[in-house]
Each structure stands twice: as C-alpha cells, then as structure tokens.
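Student: I would like to go through this model term by term and see what each label rests on.
Tutor: Then ask about the labels, and each value will be set against its definition.

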Amino acid sequence: MKKTDRQAAIEQLINQVPIATQEELMARLKAEGIAATQATISRDIREMQIVKSPDDHGRARYTIFKASTQNEQDRLFENLHDVVTGVDRVEFMTIIHTLPSNGNLLAAIIDDLNLPEVSGTLAGHDTIFIVSPSVEVAKSLHKLLMAHVQTDDDL
C-alpha cells in the first residue's frame, strides 16, 4: 500500500473513532485490511503531526495538529493561559506543567513557532521540557511564558 493511501486511512480513522495508542491504531488499520508495522505507524504519526489531546470527556485521543489561520504566537499565548499550571526554570531548561493531556499539543505549538529561544522540546502527558541555548536565553523565555500564564492573582 502507498504511504499516501495509508496516511489517508489513518486520518479518516482518527477523525471518526477515538484512538489513544499506536496499538489501537494498528488494530483498526488491520481491521480495514491495512498491514503496517509499529515503526511505520510511528513515522506516520510524526509526519502527519498527530498529537494526543483531550476529547470532550477529558480522555486522551489522537488528533491531527493543524495550524489555524489564527496567529500561532497568539495561539501559544491563549493556550499558555488556558492549560498551563506552572512554569519553572532550571539553568538553561524551562519546564512547563499543564493540565492533563495537554503537554503534547502545547509542545507542538511551541515547535511550530521555531522560536530562537527554543533549541528543542520534549513533551509528555502534562509536562514539557524546553532546552534553550543558554541560561540567559532561558531566563528571557521563562519571562515571556510567565507573562501569559494565568496565576492565582488572575482568578
């Protein structure tokens, strides 16, 4: 099967059915008559910018990250305000704590911005590690992020 056909099937599946793991996705593809290895599925997920995000019931599911017409930096600031529970800095690393199931989506937004302050990100369920090129750059990134995070004073 062609990669484009497999990826079209993946997109159709994750838009129609809540799928939270690669194993579930592989099983659904197999049921559709599409054989693919875990490594292939993993590559497809990365190439298609598929991230986990919470559905209407708070359960994690795969969704395709799509850049919207909204300015991406505004989208970052809006998400920082809505889902970030804390921001810490340790030397040249910034650690962002989010509400459950929001780490990957927020990291995808940060990655897409290609900020000069960000050398790389590592995201999990509710935590993002950002590596900056230096301590000074990390300090300025921390200050920028904190300006858009909702604090107890904002409530």
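Student: What volume does the largest pocket have?
Tutor: The largest pocket has a volume of about 160 Å³. A volume here is the space filled by probe spheres set on grid points, which are joined across faces, edges and corners. The model is predicted, so local features need pLDDT of at least 70 and side-chain atom pairs count only at pLDDT 80 or more, while totals for chains, interfaces and linings use all residues. Residues are numbered from 1 along each chain as its sequence is written, and side-chain values use heavy atoms, with hydrogens and water left out.

Student: What makes a set of points a pocket and a residue part of its lining?
Tutor: On a 1 Å grid over the protein atoms alone, a pocket is an open set with protein on both sides within 12 Å along at least five of seven lines, whereas a cavity is a set of points where a 1.4 Å probe fits but cannot get out; lining residues have an atom within 4 Å of a point. By that rule the lining of the largest pocket consists of Gln49, Ile50, Val51, Phe65, Asn104, Ala107, Ala108, Asp111, Asp112, Thr121 and Ala123. Two or more of the lining residues come from each of strand S1 (50-54), helix H5 (103-113) and strand S5 (120-123). H5 gives the largest share, 5 residues.

Student: How is the lining of the largest pocket divided by class?
Tutor: There are 6 nonpolar, 3 polar and 2 charged residues in the lining. Nonpolar covers Ala, Val, Leu, Ile, Met, Phe, Trp, Tyr, Cys and Pro; charged covers Asp, Glu, Lys and Arg; the others, Gly among them, are polar.

Student: How many helices and strands are there in the protein chain?
Tutor: The protein chain has 6 helices and 6 strands. Both are DSSP runs numbered from the N terminus: helices are H or I with at least four residues, strands E with at least two. From the N terminus on, the order is α-α-α-β-β-α-β-β-α-β-β-α.

Student: Why are H1 and H2 called roughly perpendicular?
Tutor: The axes of helix H1 (residues 3-16) and helix H2 (residues 22-31) come within 11 Å and cross at roughly 110°. Axes are lines fitted to C-alpha atoms, for helices over the stretch in contact, and angles run from 0 to 180 degrees between N-to-C directions. Angles of 65 to 115 degrees count as roughly perpendicular, under 35 as roughly parallel, over 145 as roughly antiparallel and the rest as oblique. H1 and H2 are therefore roughly perpendicular to each other.

Student: Which residues of H1 and H2 meet?
Tutor: Ala9, Ile10, Leu13 and Ile14 in H1 meet Leu25, Arg28 and Leu29 in H2, contact being heavy atoms within 4.5 Å. This contact has 6 nonpolar, no polar and 1 charged residues.

Student: What makes H2 roughly perpendicular to H3?
Tutor: H2 and helix H3 (residues 38-47) pack at an angle of about 105°, with their axes 10 Å apart. That angle makes H2 roughly perpendicular to H3. The residues that meet are Gln22, Leu25, Met26 and Leu29 in H2 and Gln38, Ile41, Ser42 and Ile45 in H3. By class they are 5 nonpolar, 3 polar and no charged.

Student: Why is H4 described as roughly antiparallel to H5?
Tutor: Helix H4 (residues 72-83) and H5 pack at about 155°, and their axes are 10 Å apart. The angle therefore makes H4 roughly antiparallel to H5. On the H4 side the contact includes Leu76, Leu80 and Val83, and on the H5 side Leu105, Ile109 and Leu113 are among its residues. The contact divides into 8 nonpolar, 2 polar and 2 charged residues.

Student: What stands out about phi of Glu91?
Tutor: Glu91 has a positive phi of about 55° although it is not a glycine. Glu91 is in the loop between strand S3 (84-90) and strand S4 (93-98).
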